[in-house]
Amino acid sequence: MACLPRQADATETVEIKGVTFATELEETGQAYRLIGHGLFRYMIWTAYAGAYYQADDRPEPAPLSAVPRRLELEYFHAIEADDFAAATRDSVRERLGEPTYRDLLPGLNAFNRAYRRVEPGDRYALTWDGEALSLALNGERLYRGDDPALASALFGIWLGDSPLRDDFRDALLGRR
């Protein structure tokens, strides 16, 4: 179930380090508009480019709410599926604390099993459509679940109060 640009017009995109993101998307009848985009740097490497979208009718960023939202990350380096799962587990545990982490663990484990190895140019999309959470790789859906708390925990890794990087969160939320 690929998310497609609402218009194929080349003026309806933004580019960052050679990666292009549409300014508007539509998936299963839900329209999303771009809130912000940026580069995630890890130590000396530029790891990935990202874009954050929200429901077309929600002009203010609300990444941890029930609003339909989408995060796309395009990678510049190969990463193993197990590395994604370990980083996701550790990030959720660190941000939420042990009791909440334990409550989310069954859903988080199911989500983590969906990860696949990525190569440069591959793109993951994390989407909460207001009812379901999904993970897609290059337009192929790998996971679907219905836990809003898990959705907020996962979006919180990049967009919460204690994100992986403040500068990346701020870029995604259009604060720069």
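Two strands count as paired if DSSP finds at least two bridges between them. Strands (E, at least two residues) and helices (H or I, at least four) are DSSP runs, numbered from the N terminus. The views below show a predicted model, in which local features need pLDDT of at least 70, side-chain atom pairs count only at pLDDT 80 or more, and totals for chains, interfaces and linings use all residues. Residues are numbered from 1 along each chain as its sequence is written, and side-chain values use heavy atoms, with hydrogens and water left out.

**View 1**
Strand E5 (residues 30-42) runs antiparallel to E6, and 10 bridges join the two. Gly38 stands opposite Gly50 of E6. The hairpin of E5 and E6 has 2 residues between the strands, and Met43 in this hairpin takes a positive phi near 55 degrees. E6 is also joined to strand E7 (residues 69-75), by 7 bridges, and this pair runs antiparallel. Of the 11 residues of E6 (residues 45-55), 10 are buried, so the strand is largely enclosed by the rest of the structure. Here buried means under 20% relative accessible area, exposed means over 50%, and partly exposed lies in between (1.4 Å probe, protein chains only). In a regular strand the side chains alternate between the two faces of the sheet.

**View 1. The surroundings of Gln54.**
Gln54 is in strand E6, and its bridge partner in E7 is Arg69. Its relative accessibility is 0%, so Gln54 counts as buried. A polar atom of the Gln54 side chain lies 2.4 Å from the backbone nitrogen of Ala62. Leaving out residues up to four places away in sequence, the residues that Gln54 touches include Tyr32, Ile35, Glu60, Pro61 and Val67. Contact means heavy atoms within 4.5 Å.

**View 2. The crossing of helices H1 and H3.**
The axes of H1 (residues 81-96) and H3 (residues 148-159) come within 10 Å and cross at roughly 90 degrees. H1 and H3 are therefore roughly perpendicular to each other; this term covers angles of 65 to 115 degrees. On the H1 side the contact is made by Thr88, Ser91, Val92, Arg95 and Leu96, and on the H3 side by Ala153, Leu154, Gly156 and Ile157. These residues divide into 5 nonpolar, 3 polar and 1 charged. Axes are lines fitted to C-alpha atoms, for helices over the stretch in contact, and angles run from 0 to 180 degrees between N-to-C directions.

Asp147 lies in the loop between strand E10 (140-145) and H3. With a relative accessibility of 30%, Asp147 counts as partly exposed. Apart from neighbours within four places in sequence, Asp147 is in contact with Leu104 and Trp128. Glu98 is 49 residues from Asp147 along the chain, and the C-alpha atoms of the two are separated by 18 Å.

**View 3. Two loop residues with positive phi.**
Most residues other than glycine have a negative phi. Thr28 is not a glycine, yet its phi is positive, about 45 degrees. Thr28 sits in the loop between strand E4 (24-27) and E5, and is exposed, with a relative accessible area of 56%. Asn138 belongs to the loop between strand E9 (133-137) and E10. The phi of Asn138 is also positive, near 50 degrees, and at 46% relative accessibility Asn138 counts as partly exposed.

Notes. Parallel < 35°, antiparallel > 145°, perpendicular 65-115°, else oblique. Nonpolar A, V, L, I, M, F, W, Y, C, P; charged D, E, K, R; others polar. Polar contact = N/O pair within 3.5 Å; in protein donor to acceptor, adjacent residues only side chain to side chain.
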